[in-house]
Amino acid sequence: MPAVDGGFDDEYGSATEPTEFVRTAMPLCASLGIEATVLTAERVVLTLGWRPELCTSNGLLHGGAVMALADAAGGACAFTNLPEGAVGTSTIESKTNFLGAIREGQTLTATSTQLHVGRTTIVVETELRTDEGKLVGKTTQTQTVLTS
């Protein structure tokens with residue numbers, strides 16, 4: 001399932017636009033307003049803009065929203081790296097270190113890359129940065145490879 005001109009060749013149609021793909025494959029991404037700018041086997045980049053309804057106290061983006069973005073990026077990265085014959089992926093372990101906060105007016109960017117691509121599991125690392133480039137979190141997750 002290779003990337004095609006920034007899009008993705010999948011069951012949703014040839015060369016699906018990246019944001020359309022992630023929102024269709026993971027409807028929570030549509031609900032949260034997540035956008036995709038890169039969707040390749042080497043790198044997945046998703047963004048989430050600060051909104052008051054996604055916040056906790058003091059107007060900070062809620063950790064659950066941050067982790068949802070990281071999980072979506074990691075899942076998309078694992079999906080783009082599925083071995084032949086696999087039908088999907090699912091997170092079986094995820095660890096996030098929070099290093100900073102996302103405040104009003106900021107956009108959070110999640111960049112995922114694969115650390116290990118195996119026959120039964122895929123390990124992905126995701127960096128979470130503000131639009132100013134400040135590292136605010138790092139997530140490592142293991143995805144199981146689903147077969148029919």
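Is glutamate 125 buried, partly exposed or exposed, and at what relative accessibility? Glutamate 125 counts as partly exposed, at 25% relative accessibility, where buried means under 20% relative accessible area, exposed means over 50%, and partly exposed lies in between (1.4 Å probe, protein chains only).

The legends below describe a predicted model, in which local features need pLDDT of at least 70 and side-chain atom pairs count only at pLDDT 80 or more, whereas totals for chains, interfaces and linings use all residues. Residues are numbered from 1 along each chain as its sequence is written, and side-chain values use heavy atoms, with hydrogens and water left out.

**View A. Helix 1, its cap and its buried face.** Helix 1 covers residues 18-25; helices (H or I, at least four residues) and strands (E, at least two) are DSSP runs, numbered from the N terminus. The N-terminal end of this helix is capped by glutamate 17, which has a side-chain oxygen 3.2 Å from the backbone nitrogen of threonine 19; a polar contact is a pair of N or O atoms within 3.5 Å, where within protein one atom must be able to donate a hydrogen and the other to accept it, and residues adjacent in sequence count only if both atoms are side-chain atoms. Pro18, Thr19, Phe21 and Val22 are the buried residues of helix 1. Seen down the helix axis, these buried residues fall within an arc of 160° (taken from the directions from the axis to the C-beta atoms), so they line one face of the helix.

View B. Six strands form an open sheet in the order 4-5-7-8-9-6, with antiparallel pairing, two strands being paired if DSSP finds at least two bridges between them. Strand 4 (35-39) and strand 6 (86-98) are the edge strands, each pairing on one side only. From one strand to the next the twist averages 25°, with axes fitted as lines to C-alpha atoms, for helices over the stretch in contact, and angles running from 0 to 180 degrees between N-to-C directions. Helix 1 lies across strand 4 and strand 5 and runs at about 115° to strand 4, contact meaning heavy atoms within 4.5 Å.

**View C. Strand 7 and its two partners.** Strand 7 (residues 107-117) pairs with strand 5 (residues 44-49) in the antiparallel sense over six bridges. Here threonine 109 is the bridge partner of threonine 47, and threonine 111 stands opposite valine 45. Strand 7 is also joined to strand 8 by nine bridges, again antiparallel, with glutamine 114 opposite valine 124. Three residues lie between strand 7 and strand 8, which form a hairpin.

View D. The structure holds four salt bridges, each a side-chain nitrogen of Lys or Arg within 4 Å of a carboxyl oxygen of Asp or Glu. Glutamate 127 and lysine 138 meet in one of them (3.4 Å, N to O), a pair that links distant parts of the chain, with glutamate 127 in strand 8 and lysine 138 in strand 9, 11 residues apart. Glutamate 125 also meets lysine 138 in a salt bridge (4.0 Å, N to O), and this pair joins strand 8 (residues 121-130) to strand 9 (residues 135-147), the two residues being 13 apart. Glu125, Glu127, Arg129 and Lys138 are linked in a network of salt bridges. Lysine 138 and glutamate 127 each count as partly exposed, at 26% relative accessibility.
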